[in-house]
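Hi,

Here is the model I promised to pass on. Have a look at it first, and then read on for what turned up.

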Amino acid sequence: MAENHTTDTTFSSLPIHEAIQEALEDHRLTHTTPIQEKTLPLTLSGHDVMGLAQTGTGKTAAFLISLYHYLLTNPAHPKAKGPWAIVLAPTRELAVQIKKDADQIGIYTGLNSLAIYGGVNIEHQKNLLDNAPIDIIIGTPGRIIDLYKQKSIRLKNIEVCVLDEADRMFDLGFIDDVRYLLRQMPPAHERLNLLFSATMAEKVRELAYEYFNAPETVSIESEHGTADNITQSLYHTARHEKTPLLIGLLNKEKPARSMIFLNTKRDLERLSIVLEANGYPNAALSGDIPQKKREKIIKDFQSGAINIVVATDVAARGLHIPDITHVFNYDLPQVAEDYVHRIGRTARAGASGTAISFACEEYVYSLPEIEHYIHGKIPTLPLDEDLLADVVPPSEEALQALNEQKAERLARNGNRRSDRQPRGRPENHRRRRNPHHNSGGDEPNGNR
């Protein structure tokens, strides 16, 4: 939870509950970011909000401060049972990061949170839910629905609902799950509803207007824009020149910490072992990496144990890694919005960064859509032959290991059910009004 590019508005000048103020002081967070400055006066007074801002601008802290403040200043009925708040995120990585920030902001509140996501043993998560009162659920829609249908999670007393990166949930096919969960909660006027995202497509606005209570829209950056402190450039290159160009740029730029994005897992795995053979140790991050391995990769990247991650778009959201200096679009994304999210991995918290993209004959067709989306041309640089490095091919042993990993993964995942399968609404579901509303009182109830 790093301090971002700030405004002149201090947290102490806002009517934030003292337990939250103390945690902010511990982390030397004194001044709000622009998105926090505009949203907190609304959310602290109980207004639903749709917040639009680029990544790395403090959206997570904005909705967590709002969430904790609402729960602390609206005591629950003594006989009611939680959880009281739910945060929906599109990826496991984002859910884990939100949980980490929640632990910091909520350390003095007495409220317990739990991250719920697929890829780990569901029985372990059920045990955690059964053995301790959980006030705040943070997680991905599919696994939350699984636990809800197994009666391990209640939703009838949800008082705060947060949708983080809702447009990404549309992209990943989770929106039916999100709608299902929203229908299981109390009516919108009995909840505080918050939505934060880096882009705000019309379908996202329609979702908020349908399930929220007259939400206020707060926009910080120009829609679809990119951060001014990211230096963007583009090379027009043949497909077979991309790897020599990438290695040449790594040799020239010597990035302290970088992410390299590709569109397919197949190309990602091949590039990863080629980079290794050419003296660039790296970690490969894609959608079907086992959860424990994913978590280790992210931890090592955060700590600096590795400084290059080669990733598909599964890592374009939700990774809050400090000091990423360079983002390379080895493949231009095929969805224009993903360009913004990818390059948003750098230049976070007011820092500067570099984004370099390759436009080859396969993916150059995405370029006009991307430039239309960001309202500007990406500066094109000439392809100097001196930049094309001699590439050392991977060893036969590395290629054999890659083939063995593919075979093992196919065997492991062959019968796995997709977590993106739409789910229907159960019959005879009965909504119940949240018992604490209209009860009045301002005293916090830490144990709720």
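Predicted model: local features only at pLDDT ≥ 70, side-chain atom pairs only at ≥ 80, totals over all residues.

**Overall**

The protein has 15 helices and 13 strands. Of its 448 residues, 57% are buried. If you take the contacts between residues at least 6 apart in sequence, 81% of them join residues at least 24 apart. The accessible surface comes to about 19600 Å², and carbon and sulfur atoms account for 48% of that.

**The sheet**

Back to the sheet, then. There is an open sheet of 7 strands, in the order E3-E4-E2-E5-E6-E1-E7, and the pairing is parallel. The edges are taken by E3 (113–116) and E7, and each has a single partner strand, so one side of each is left without a neighbour in the sheet. From one strand to the next, the twist averages 15 degrees.

Going through some of the pairings:

- E3 runs parallel to E4 (residues 136–139), and 4 bridges join the two.
- E2 is joined to E4 by 4 bridges, again running parallel, with Ala 85 opposite Ile 136 in E4.
- E2 also has 4 bridges to E5, in parallel, and here Ile 86 stands opposite Cys 161.
- E1 and E6 run parallel and are joined by 4 bridges; Leu 52 sits opposite Ser 197 in E6.
- E1 pairs with E7 in the parallel sense, over 4 bridges, and Val 49 faces Glu 216 in E7.

Which way do the side chains of E2 and E1 point? In a regular strand they alternate between the two faces of the sheet. In E2 (residues 85–88), Ala 85 and Val 87 point one way, Ile 86 and Leu 88 the other, and all are buried. E1 is likewise covered on both faces: Val 49 and Gly 51 are on one side, Met 50 and Leu 52 on the other, and all are buried.

**Helix H9**

H9 (residues 202–211) is worth a look from the end. Its buried residues are Val 204, Arg 205, Leu 207, Ala 208 and Tyr 211. Seen down the axis of H9, these fall within an arc of 155 degrees, so they line one face of the helix. An α-helix has 3.6 residues a turn, so residues three or four places apart point the same way.

What do the buried residues of H9 pack against? From the sheet, their partners include E1 (49–52), E5 (160–164), E6 (192–197) and E7 (216–219). Helices H7 (166–171) and H8 (175–184) are also among the elements they pack against.

**Salt bridges**

The structure holds 12 salt bridges. Side chains of opposite charge can pair when their charged atoms come close. I'd pick out three of them for you.

One is between the side chains of Glu 362 and Arg 239, at 2.6 Å from N to O. Glu 362 is in the loop between E13 (353–359) and H14 (367–373), and Arg 239 is in the loop between E8 (230–236) and H10 (242–253), so the pair ties together parts that are 123 residues apart in sequence. Glu 362 counts as partly exposed, at 39% relative accessibility, and Arg 239 is partly exposed too, at 30%. Both belong to a network of salt bridges that links Arg 239, Arg 266, Asp 267 and Glu 362.

Another joins Lys 242 and Asp 331, whose closest N and O atoms are 2.5 Å apart. This pair also links distant parts of the chain: Lys 242 is in H10, while Asp 331 is in the loop between E12 (326–329) and H13 (336–343), 89 residues apart. Lys 242 and Asp 331 are both buried.

Cheers

Methods:
Residues numbered from 1 in each chain as written. Heavy atoms only, no water. Buried < 20%, exposed > 50% of the residue type's maximum accessible area, 1.4 Å probe, protein only. Arc of directions from axis to C-beta. Contact = heavy atoms within 4.5 Å. Pairing = 2+ DSSP bridges. Axes fitted to C-alpha atoms, helices over the stretch in contact; angles between N-to-C directions. Salt bridge = Lys/Arg side-chain N within 4 Å of Asp/Glu carboxyl O. Areas by Shrake-Rupley, 256 points an atom, 1.4 Å probe, with all protein chains shown as cover.
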